[in-house]
Protein chains: 2
Amino acid sequence: MSSLQHVNPTVKGIRESAHSGLQSLAAHVTQEIAQGVQKPFKEVIDISSGDPHKAGMKPISFVRQVLAVCLHPELLGNKTLPLDVRLRAQRLLEVCDGGSVGSYTDSSGMPHVRQSIAEFIMRRDVGVHSHAKDVFISAGSQRGLMVILKLLASGEGDTQTGVLTPRPCPHTLSTLLDDAGVALVPYQLMEDRGWAVDLSELHRALKCHVQDWKSIEEVIRFAAAERLLLLIDEVYQDSVYGQGKEFISFKRVLFEMGKEYSGKVQMVSLHSLSSACMGECGLRAGYMELVNMDPEVTHFVDTMLCTDISSPVTGQLALDLMVNPPRPGDPSYDTYTQEILHIQATLSQNAQRAHEFLNDLPGMSSQPAKGGIYLYPRLHLPSEIIENAKKLEVEAGVLYCQMLLKEEGVFLGAGCQNGETTGNHYLRLCILVPADTLEEVLARLASFHLRLMDTCP
Amino acid sequence: MSSLQHVNPTVKGIRESAHSGLQSLAAHVTQEIAQGVQKPFKEVIDISSGDPHKAGMKPISFVRQVLAVCLHPELLGNKTLPLDVRLRAQRLLEVCDGGSVGSYTDSSGMPHVRQSIAEFIMRRDVGVHSHAKDVFISAGSQRGLMVILKLLASGEGDTQTGVLTPRPCPHTLSTLLDDAGVALVPYQLMEDRGWAVDLSELHRALKCHVQDWKSIEEVIRFAAAERLLLLIDEVYQDSVYGQGKEFISFKRVLFEMGKEYSGKVQMVSLHSLSSACMGECGLRAGYMELVNMDPEVTHFVDTMLCTDISSPVTGQLALDLMVNPPRPGDPSYDTYTQEILHIQATLSQNAQRAHEFLNDLPGMSSQPAKGGIYLYPRLHLPSEIIENAKKLEVEAGVLYCQMLLKEEGVFLGAGCQNGETTGNHYLRLCILVPADTLEEVLARLASFHLRLMDTCP
């Protein structure tokens with residue numbers, strides 16, 4: 001029999017996502033609306049986390065068309081679908097065992113897709129070699145990260161494996177580290193310098209969002225000197241939009257730093273189908289590339305992935321389409337390109353628009369974003385709110401989000417969920433949403449915020 | 001930096017699947033054929049594990065059609081697809097956030113699908129109540145089992161959580177238990193009594209494959225007396241074919257045993273989209289129903305599933321279709337019913353055919369199967385083979401499988417992979433394959449086996 005006292009102590013120690021309280025409140029408000037309770041808004045808009053399709057962004061047609069044919073191969077004969085869609089589906093079905101997406105694949109992913117990913121990485125990194133055997137596909141990049149963390153977890157107390165983690169960090173991270181049994185070792189990024197790191201804390205500068213060549217080199221030298229494994233979240237490599245900024249991978253920089261570094265520094269780079277342009281969160285697929293990892297260690301990555309048996313095939317096939325899109329001349333090329341450009345333009349324009357709008361509000365300040373899909377503006381809250389939060393035993397940023405949700409039906413994240421501990425208050429909003437949704441959010445947010453600042457001068 | 005010495009000791013202790021050696025050999029033989037090496041066979045037939053589509057079984061059209069429309073909603077207007085397919089897809093898209101399968105879902109599964117599953121269970125168990133809140137969807141039933149095992153894992157040595165496990169057991173189980181950190185506590189099933197349990201070992205009889213009402217009651221009484229949590233693999237509930245046998249769930253029996261048991265005995269029942277009739281292994285979806293679980297414990301199931309963020313949406317939607325198929329009068333009803341009946345008939349006829357064929361071979365004996373998708377015949381090997389295996393330091397059953405693979409291109413599993421430790425030797429073959437594939441396997445197997453028995457009299 002199992003009762004609370006029998007639950008694995010490690011599992012009991014997993015911190016619940018700080019997000020879950022606000023999620024319950026959002027569900028409650030939504031339910032009230034469904035039950036006919038009168039509200040000054042028709043629906044809750046949730047842009048607290050990165051879920052582009054939920055927010056109304058459209059999927060890439062090419063990806064969906066190919067997957068539809070793979071699921072129902074009779075569509076191979078459907079002439080209303082572009083020829084390259086059908087040829088691509090046929091090719092992908094050929095690499096599925098038994099010609100069906102219903103068959104298991106290797107635990108580490110389909111060899112064909114791993115090869116496509118390795119070729120994509122080589123093109124991206126201007127020729128730096130990549131091998132399919134170092135590419136591991138999993139049901140989302142978080143699952144891949146989990147495998148690496150569990151692999152390296154050991155010790156207790158002072159000897160426990162630690163993960164140097166920036167603050168702010170992704171709001172899903174602390175639950176993951178707890179479950180893996182590793183310690184979160186935080187370092188604070190500095191907001192007033194565009195979220196750069198405090199040099200005295202990490203000895204080297206690194207910039208949040210988009211790092212330039214020089215700062216990546218510094219991080220690599222730091223890792224080499226301290227013999228650290230670099231876990232690199234590169235899921236937003238398709239969404240860099242800061243002026244004059246382009247995506248540069250850590251691996252590319254590493255291999256230009258010469259043999260001293262390129263043959264030595266160990267890296268795990270993560271990418272995901274949930275990334276900005278695809279936004280296919282529900283299909284659950286991501287991959288990681290291991291760089292300079294000891295083959296004996298890599299072996300255990302395989303072993304760990306075996307317990308998942310196989311990652312979802314529709315997701316794996318979509319990864320193949322993500323890294324190997326239509327080429328110029330293909331029937332789907334123009335539509336595909338237009339759709340991608342539209343997403344990138346929406347993201348870049350939204351980043352600019354939200355940044356300026358929020359900075360103009362009294363009691364709010366925002367750093368410009370150069371990449372990724374979040375803004376992280378700071379709240380300068382009236383002391384009355386902060387006192388009120390103390391009485392209610394809730395973090396002031398969370399109280400702000402609760403009130404915003406109840407009064408205006410806008411669901412944003414609170415900075416404390418991203419590990420903020422400086423005593424400052426922040427909001428987190430996903431900006432990969434249709435432009436009119438963003439306008440609606442900003443209008444509701446301004447209305448609430450100005451009311452709040454008015455009543456608590 | 002991570003090298004072998006830094007790898008988590010628990011991870012290092014995970015036993016590799018005994019299956020992986022034969023898998024490598026099969027891959028090697030397949031590669032040789034591709035390279036033009038002459039063999040007496042054209043391809044390797046792998047029926048060592050349950051992967052029906054890989055073996056040539058066809059998917060259920062209704063499931064694939066609905067999923068294709070969900071992925072590419074323009075197909076909603078395609079009149080060549082049955083009306084109920086399009087209506088069902090429309091309904092499922094309505095319950096996806098943002099109307100897209102690309103959105104995340106709750107970590108425990110989509111509320112709509114959990115509700116469909118609870119209703120299916122109630123129909124199946126003739127009215128015994130089932131609640132959506134006790135149903136948890138995961139990326140395959142093995143993932144669900146893993147969550148429960150990790151939840152209950154604690155202690156070391158004598159106090160380590162143990163799982164009473166039948167031998168033979170599923171060949172993927174030992175890796176899973178190692179990763180979860182629980183001990184495998186085996187009990188031996190008795191072949192000559194149709195794989196029944198040795199009473200002196202477990203104090204109660206339980207029968208492998210298909211248990212009747214009385215033997216289920218005995219297991220439940222045993223669990224109640226010993227205060228054990230029952231982990232019930234009911235993934236083959238749609239594939240019971242023994243004469244006069246029908247599927248009876250543990251939960252149904254429990255609730256007919258009166259309040260003394262029905263309010264007390266804790267159960268976790270697992271079911272999967274990879275089950276016999278659907279065979280959709282690659283879509284990765286399964287569910288578990290928790291019965292009589294302490295809500296405080298259930299809470300941690302939620303927490304654990306949070307680290308997966310969300311299970312694959314195409315799989316979740318397919319689960320909805322599995323538990324809620326077309327009804328009489330629906331345009332897809334006849335085709336659906338024919339396809340299901342064809343699969344069940346193939347399975348039942350194959351079970352009979354393979355059992356009789358294998359029993360007729362000298363040095364082989366087989367128990368009849370009454371459900372599930374495997375046969376597990378015993379090998380009575382000549383002493384020469386057993387000596388040879390000892391010299392080669394390989395289990396004799398594995399040696400047999402290696403030779404069969406090399407000489408005839410047939411890949412079967414070896415009983416030692418199922419935890420067999422009695423010193424007897426067994427084969428494992430999946431019988432959910434097209435009838436002509438089974439014939440080809442039996443012919444090649446007989447040819448090899450008779451040659452072996454001839455040369456080693």
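Rings of Phe, Tyr and Trp (its six-membered ring) pair if their centres lie within 6.5 Å, and planes over 60 degrees apart count as edge-to-face. With that in hand, here are some close-ups of this predicted model.

**View 1. A:F62 meets A:Y336, one of the aromatic pairs.** A search of the whole structure turns up six aromatic pairs over all chains. In this one the planes of A:F62 and A:Y336 stand at 85 degrees with the ring centres 6.3 Å apart, so we call the pair edge-to-face. Follow the chain and you'll see that the partners come from distant parts of it: A:F62 belongs to helix α3 (residues 61-71) of chain A, A:Y336 to helix α14 (residues 333-360) of chain A, and 274 residues separate them. Both A:F62 and A:Y336 are buried.

**View 2. A:Y400 and A:F448 form another edge-to-face pair.** Here the rings sit 5.1 Å centre to centre, with 80 degrees between the planes. A:Y400 is in helix α16 (residues 396-408) of chain A and A:F448 in helix α17 (residues 435-455) of chain A, so the contact ties together parts 48 residues apart in sequence. A:Y400 has 1% relative accessibility and counts as buried. A:F448 counts as buried too, at 1% relative accessibility.

**View 3. Charges sit over rings in chains A and B.** In chain A, look for the charged end of A:R114 over the ring of A:F136, 5.1 Å from its centre. Over in chain B, B:K251 lies over the face of B:F255, and the distance to the ring centre is 6.0 Å.

**View 4. Four strands of chain A make an open, mixed sheet.** Read across, the order is β2-β8-β7-β6. The edges belong to β2 (135-138) and β6 (230-233) of chain A; each has a single partner strand, so one side of each lacks a neighbour in the sheet. On average, neighbouring strands are turned by 20 degrees against each other, direction ignored. Zoom in on β6(A) and strand β7 (residues 267-272) of chain A: they run parallel and are joined by four bridges. In β7(A), A:M267 is the bridge partner of A:L230.

**View 5. Helices α6 and α12 of chain A lie across strands of the sheet.** Helix α6 (residues 141-152) of chain A lies across β2, β6, β7 and β8 (286-291) of chain A, at about 160 degrees to β7(A). Helix α12 (residues 295-306) of chain A lies across β2 and β8 of chain A, and runs at about 20 degrees to β2(A).

Definitions and conventions. Residues are numbered from 1 along each chain as its sequence is written. Chains are lettered from A and ligands numbered from 1 in the order in which they are written. This is a predicted model: local features need pLDDT of at least 70, side-chain atom pairs count only at pLDDT 80 or more; totals for chains, interfaces and linings use all residues. Side-chain values use heavy atoms; hydrogens and water are left out. Rings of Phe, Tyr and Trp (its six-membered ring) pair if their centres lie within 6.5 Å; planes under 30 degrees apart count as stacked, over 60 as edge-to-face and the rest as tilted. Helices (H or I, at least four residues) and strands (E, at least two) are DSSP runs, numbered from the N terminus. Buried means under 20% relative accessible area, exposed over 50%, partly exposed in between (1.4 Å probe, protein chains only). A charge sits over a ring if NZ of Lys or CZ of Arg is within 6 Å of the ring centre and within 35 degrees of the ring normal. Two strands pair if DSSP finds at least two bridges between them. Axes are lines fitted to C-alpha atoms, for helices over the stretch in contact, and angles run from 0 to 180 degrees between N-to-C directions. Contact means heavy atoms within 4.5 Å.
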